[in-house]
Amino acid sequence: MELPFAELYKTKMVETIRRSTREERERWLKDASYNVFNLRSSYVYIDLLTDSGTGAMSDRQWAEMMLGDESYAGASSYLKMKATIKDLFGFNDFLPTHQGRAAENVLFSVLVHEGDIVPGNSHFDTTKGHIEFRHAHTIDCTIDEAFDSTLYHPFKGNIDLDKLEKVFKENQVEKIPMVIITITNNTSGGQPVSMQNIREVSAMAHHYGSLVVIDSARFAENAYFIKLREEGYADKSIKEIVKEMFSYADAMTMSSKKDAIVNMGGFIGFGDRALYEKASVYNIMFEGFVTYGGMSGRDMNALCQGLYEATEFDYLQTRIKQVEYLADKLLRHGVPILQPTGGHAIFIDAKKFFPQIPKEEYIAQTLVVELYLEGGIRTVEVGTLLADRDPDTRENRYPRLELVRLAIPRRVYSNSHMDYIAATVCNVFDRRDEVKSGLVIKNEAPIMRHFTVELERL
Ligand SMILES: *Cc1c(COP(=O)(O)O)cnc(C)c1O
């Protein structure tokens, strides 16, 4: 018999989770105004809300915590982080921040001004939020293939070079401070960007005098896909691939809650000393002194160890195979999911799941509600709620894809949990015709409404 693939780690500490009854979940969700961000975590059996900050740290990361240096200035933990970032990404300078959006806030305070245009591949919601907050605009240049949910393309996160060139040709280049490449492309399904695309986008941006910033939250998963799918990379190590990816960028923003496998943290990496110096001023104002920037020494230590672990092939293989394991079960049952599956999550195509529900009734959020009621699993909407209103017209923006994301936390759940999740989704799929209508908004915030929106069932 061929030996099956199994996780390349074992468990040293456990945390109890509880099941609930359907009646309890009906009540809790109504009290939460049909927004799963309002649920207590104890009301959730399996939490797939996000893979952000929800990973399990390793024994070595916990050991690193004990060695943290909590000095205000010049801590050894800071120097360790500086050396790690230089080693893995090639950047000489960096600023620690408390998480990814803080990195965006600091960097964009230098780079983004009113009326600016920032092209990229499906900007992440906080990235878009920080740009639009400064009265600037984003332009999504993701390749069209990304919007066909069943079409196979190895790098659906790629930027379309023709679309990008059009942005440069139709606008004043001084208004385009940077191009943001998000790896992997979270919003369009955790899809990777190829090395060739990073190289070509970088060449074009630099040709027009723009900077290239990599939004790097899942950079290691992106490197794994390059190794498996892109010609010429099969024999390169993940660390070699990572080094090359970042050699094309001028700066990086990082949410360490993803591929650094820590619960909190972030940073900005800089190839340009002058940009680092300008950003330092904002870091001191918003985050903290340049050698800690919102992080404690022990957290910086764990982050460094996490970066080294996340760039090991065995870790990435274990992680991505688990996502594929769940995807296989859903596909065999006919559930419409985005293909190929990305690195950190499964995305269900809600328009195909519930074709009977009109887009005005928040199709993907309706599925989030049904999945919670069925099995106590918490997922998240990546659809009209997340797309928010147009800042000028205040009309709902209806994205081409209405998705429900099942984000898989790193090293947390077993494949029996995956079996349970698959059964929950398949049960809702089997009775999908019984769901006749969706939701209506009672209350919403003016920006990033999905976190706090209050809804009612129709
Ligand atoms: C999570 C994430 C961010 C924001 O990071 P936070 O740590 O949540 O503030 C930015 N970009 C991408 C692609 C992300 O996944």
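In this predicted model, the axes of helix α7, which spans residues 195-207, and helix α9, which spans residues 238-247, come within 9 Å and cross at roughly 20 degrees. Angles under 35 degrees count as roughly parallel, and α7 and α9 are therefore roughly parallel to each other. The crossing in which α7 passes α9 is left-handed. In general, a pair of packed helices is described by two quantities, the angle between the axes and the distance between them.

Helix α12, made up of residues 313-332, packs with α16 at an angle of about 30 degrees, and the axes of the two helices lie 9 Å apart. This pair, α12 and α16, is therefore also roughly parallel. Its crossing is right-handed.

Helix α16 covers residues 415-430, and its other partner here is helix α14, residues 363-375. Between α14 and α16 the angle is about 120 degrees, with 9 Å separating the axes. Because of that angle, α14 is oblique to α16. As α14 passes α16, the crossing is right-handed.

From the helices, the reader may turn to the ligand. Which residues lie closest to the ligand? The shell holds 14 residues, and the closest are Gln99, Arg101, Asp215, Ser255 and Lys258. Sorted by class, this shell has 6 charged residues, 6 polar residues and 2 nonpolar residues. Helix α4, which runs over residues 100-111, supplies the largest share of the shell, with 3 residues.

Several contacts between the ligand and the protein can be described atom by atom. Within the span of α4, a polar backbone atom of Gly100 is 2.8 Å from an oxygen atom of the ligand. Arg101 takes part through its side chain, in which an N or O atom is 2.7 Å from an oxygen atom of the ligand. The side chain of Arg218 likewise has an N or O atom at 2.9 Å from a ligand oxygen atom. How much of the ligand's accessible area does the protein cover? On its own the ligand has 380 Å² of accessible area, and the protein covers 98% of it.

Thr184 is located in the loop that joins strand β5, residues 178-182, to helix α7, the helix whose axis comes within 9 Å of that of α9. The other cis peptide bond leads from Gln339 to Pro340, where omega is near -10 degrees. Pro340 belongs to the loop between α12 and strand β9, residues 345-349, and α12 is the helix that packs with α16 at about 30 degrees.

A further backbone detail concerns Ile261. What is the value of phi at Ile261? Phi is near 50 degrees there, a positive value in a residue other than glycine. Ile261 is placed in the loop between strand β7, residues 251-255, and strand β8, residues 266-270.

Notes
Residues numbered from 1 in each chain as written. Predicted model: local features only at pLDDT ≥ 70, side-chain atom pairs only at ≥ 80, totals over all residues. Heavy atoms only, no water. Near = heavy atom within 4 Å. Polar contact = N/O pair within 3.5 Å; in protein donor to acceptor, adjacent residues only side chain to side chain. Areas by Shrake-Rupley, 256 points an atom, 1.4 Å probe, with all protein chains shown as cover. Helix = DSSP H or I, 4+ residues; strand = E, 2+ residues; numbered from the N terminus. Nonpolar A, V, L, I, M, F, W, Y, C, P; charged D, E, K, R; others polar. Axes fitted to C-alpha atoms, helices over the stretch in contact; angles between N-to-C directions. Parallel < 35°, antiparallel > 145°, perpendicular 65-115°, else oblique. Left-handed = near helix turned anticlockwise from the far one by under 90°.
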